[in-house]
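Please read it beside the sequence and the model.

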Amino acid sequence: MPFDIPWYLGILLFVATVLGMEVVAILGHKYVMHGPGWFLHKSHHTARQGFFEANDWYGVMGAAVAISLFWLGVQENWGSFYVWLAGGITAYGAIYFGFHDIIVHRRIETGYVPRSAYMKRIVQAHRLHHVVESRDGTVSFGFIWAPPIQALKRQLAENARTGKAVVRENPVGRNMAGGID
């Protein structure tokens, strides 16, 4: 029996999934990518050239989940609930790619310069994330949400003071040259 829901609940599920994916991303980034999955994510924290990096496998894994849910919802007749869920995951992936890969890391150069306070905070928070040399002691694990910059700087300073983090002067990673201010 398919699990079909009305369109208005589908839209609510879609929006809730997009928002919920940021929580999933924060926890996954902090506890998986900077934990046992560091062997893939480390490529994202090192200076390198080329379009692809080992860290891109995380995007492939997320896409595989969404594709599977689309397939199950449509082809296996599991119902519209799974299609709306897959749509929310896919939308988050597109937002992530736009914010993180295009705007912050400039994988595709657009000439965009962040001007709003929100966009400046997202970019600077991610740059602060990249000043830590190891997998431990870094800050700001979100991709479309970031804590206030002063709080992140205080936490980085505390992590460096206590030996939890080795902080570089400049962030390292794709298109991360330059200071953090």
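Q: In what order do the elements of the chain run from the N terminus on?
A: The elements run α-α-α-α-α-α. The model is a predicted one, in which local features need pLDDT of at least 70 and side-chain atom pairs count only at pLDDT 80 or more, while totals for chains, interfaces and linings use all residues. Residues are numbered from 1 along each chain as its sequence is written, and side-chain values use heavy atoms, with hydrogens and water left out.

Q: How many helices and strands does the secondary structure of the chain come to, and what makes a run count as one?
A: There are six helices and zero strands. Helices are DSSP runs of H or I with at least four residues, and strands are runs of E with at least two, numbered from the N terminus.

Q: What does the C-alpha trace of the chain span along its principal axes?
A: The span is about 60 × 35 × 35 Å.

Q: Why is asparagine 77 called partly exposed?
A: The relative accessible area of asparagine 77 is 48%, which places asparagine 77 in the partly exposed class. Asparagine 77 belongs to the loop between α3 and α4.

Q: What makes the phi of asparagine 77 worth noting?
A: Most residues other than glycine have a negative phi. Asparagine 77 is not a glycine, yet its phi is positive, near 60°.

Q: What is the phi of serine 140, and why is this residue called buried?
A: Serine 140 also has a positive phi, of about 60°, although it is not a glycine. Its relative accessible area is 7%, and therefore serine 140 is buried. The residue sits in the loop between α5 and α6 (149-161).

Q: How many cavities of 30 Å³ or more are there, and what makes a space a cavity?
A: The count comes to two. On a 1 Å grid over the protein atoms alone, a cavity is a set of points where a 1.4 Å probe fits but cannot get out; a pocket is an open set with protein on both sides within 12 Å along at least five of seven lines; lining residues have an atom within 4 Å of a point. Grid points are joined across faces, edges and corners, and a volume is the space filled by probe spheres set on the points.

Q: How much space lies in the largest cavity, and which residues line it?
A: The largest cavity holds about 70 Å³ of space. Among the residues that line the largest cavity are Phe99, His100, Ile122, His126, Ser140 and Trp145. The elements giving two or more residues to this lining are α4 and α5 (117-129).

Q: What is the volume of the largest pocket, and which residues lie nearest its centre?
A: Its volume is about 910 Å³. The largest pocket is lined by 35 residues, of which Tyr58, Gly59, Val60, Gly62 and Tyr96 lie nearest the centre. α1 (7-33), α3 (57-74) and α4 (80-104) are the elements that give two or more residues to the lining.

Q: Which residues does proline 114 touch, and what counts as a contact?
A: Leaving out residues up to four places away in sequence, proline 114 touches Met119, Lys120 and Val123. Contact means heavy atoms within 4.5 Å. Proline 114 is placed in the loop between α4 and α5.

Q: Why are glutamate 158 and serine 134 called partly exposed?
A: Glutamate 158 has 34% relative accessibility, so it counts as partly exposed. Serine 134, at 30% relative accessibility, therefore counts as partly exposed. Glutamate 158 is in helix α6, and serine 134 is in the loop between α5 and α6.

Technical notes: Buried < 20%, exposed > 50% of the residue type's maximum accessible area, 1.4 Å probe, protein only.
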